[in-house]
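Take a look at the structure below.

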Amino acid sequence: MPTVAPLIIFKLSIFIIVTLQPPPALSLSPCRTSCGSIAINYPFGIDDGCGAPQFRSMLNCSTDLFFLTPSGGYKVQHIDYDKKTMTIYDPAMSTCSILQPHHDFIMTDIQSVTIPPTPDTVFALLNCSIDSPVLNHYKNLCFDFSGHSCDELYGACNAFRVFHFLTNSSPPCCFTGYDTVKFMRMNILDCTHYTSVINTDNLRGIGPLDWVYGIKLSFTVPETGCERCSQSGGTCGYDTETEVMTCLCSSTTNYTRECAGGSLTAGDQRAAILRGHSSM
């Protein structure tokens, strides 16, 4: 009996120490998880070694998030991880309300494969020459979408009416897909300007003033075992030299597939300690 009281006091002391001590500090991930209001999740990363290597150096976070291509930086407006789409906007692109100097939209070969524009993103080539290849040999590349025509675009948009005033008629234009501007630059297409419109499948009966201008991209998530890493409390990344997938567990510790110890929480740790002492 004399030994019972000290044992109870010892167990009670252990319980108080374990329950009152603050949770162990979690190691900070070496990868930033947001840029402004936009969440940065796998397969993307804004720090080298984070995300999937297929998307390496495609994003830059300054005050805003930008998608980087050989033709410039495009502001990211939204990333939908469920639908696997990213909507970007070219601040130098002409729209219904502003006419700007033309330039090409150019992606790298790997971008064209891993994150190409969606089928419902339409490029409008404006003020084209009658000698333009898309009006002659490649005229099959042009189409009307959702019942809209070039005349409607020229008539409704203040920015594009200047073309009508210069020629006293509506100059040729072409609604086309990304593959056209991918393989033929603006000087080859012989069109002075372009704009792009997204969600075109939903624009029947809606005029150009209410279109959404931008470029929507579609991406796929590589199957690299990232879910296993995430469940263990890690962040999916890759070795910056070999580009082999790694599980980033802290700013200094990496593992091949998952973090050591799994996803043990502070509560789990306390319970384990108490179970250990109760067996004494």
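**A walk through the fold**

S57 sits in the loop between β2 and β3. Helices (H or I, at least four residues) and strands (E, at least two) are DSSP runs, numbered from the N terminus. This is a predicted model, in which local features need pLDDT of at least 70 and side-chain atom pairs count only at pLDDT 80 or more, while totals for chains, interfaces and linings use all residues. Residues are numbered from 1 along each chain as its sequence is written, and side-chain values use heavy atoms, with hydrogens and water left out.

Stay with S57 for a moment. Its phi is near 60 degrees, a positive value in a residue other than glycine. Most residues other than glycine have a negative phi, and most peptide bonds are trans. S57 counts as exposed because its relative accessibility is 58%. The cut-offs are these: buried means under 20% relative accessible area, exposed over 50%, and partly exposed in between (1.4 Å probe, protein chains only).

P43 also has its place in the loop between β2 and β3. The peptide bond from Y42 to P43 is cis, with omega near 15 degrees. Elsewhere, D190 has a phi near 60 degrees, again positive in a residue other than glycine. D190 lies in the loop between α6 (186–189) and β9 (191–198). With 35% relative accessibility, D190 counts as partly exposed.

Now step back to the whole chain. The protein chain has eight helices and 14 strands. Of its 280 residues, 39% count as buried. The chain exposes about 15,300 Å², and carbon and sulfur atoms supply 56% of that area. Accessible areas come from the Shrake-Rupley method with a 1.4 Å probe; for residues, only the protein chains shown count as cover. Take the contacts (heavy atoms within 4.5 Å) with a separation of 6 or more: residues 24 or more positions apart account for 66% of them.

Next come the sheets. Five strands form an open sheet in the order β3-β4-β5-β6-β11, with antiparallel pairing. Two strands pair if DSSP finds at least two bridges between them. β3 (59–61) and β11 (215–218) stand at the edges with a single partner strand each, so one side of each is left without a neighbour in the sheet. From one strand to the next, the twist averages 40 degrees. Axes for such angles are lines fitted to C-alpha atoms, for helices over the stretch in contact, and angles run from 0 to 180 degrees between N-to-C directions. Three bridges join β3 to β4 (residues 65–69), and the two run antiparallel. Here L59 has F67 in β4 as its bridge partner.

A further open sheet has four strands, in the order β8-β7-β9-β10, with antiparallel pairing. Its edge strands are β8 (174–176) and β10 (212–213), and each pairs on one side only. Three bridges join β7 (residues 122–128) to β8, running antiparallel. L125 has C174 in β8 as its bridge partner.

Which residues touch the most other members of the largest nonpolar core? They are F67, M86, I115 and L125, in a core of 61 residues. β7 gives the most to this core, with six residues. A nonpolar core is a set of buried Ala, Val, Leu, Ile, Met, Phe, Trp, Tyr and Cys residues joined through side-chain atoms within 4.5 Å. Leaving aside neighbours within four places in sequence, I115 is in contact with residues including F44, F67, M86, L217 and F219.

Finally, the rings. The whole structure holds 13 aromatic pairs. Rings of Phe, Tyr and Trp (its six-membered ring) pair if their centres lie within 6.5 Å; planes under 30 degrees apart count as stacked, over 60 as edge-to-face and the rest as tilted. F44 and F219 have ring centres 4.8 Å apart and planes at 75 degrees, so the pair is edge-to-face. This pair links distant parts of the chain, 175 residues apart: F44 is in the loop between β2 (38–39) and β3, and F219 is in the loop between β11 and α7 (226–231). Both F44 and F219 are buried.

Y74 and F105 form another edge-to-face pair, 5.2 Å centre to centre with 85 degrees between the planes. Y74 is buried at 1% relative accessibility, and F105 is buried with a relative accessible area of 4%. Ring pairs link Y74, F105, F123, Y178 and Y194 into a cluster.
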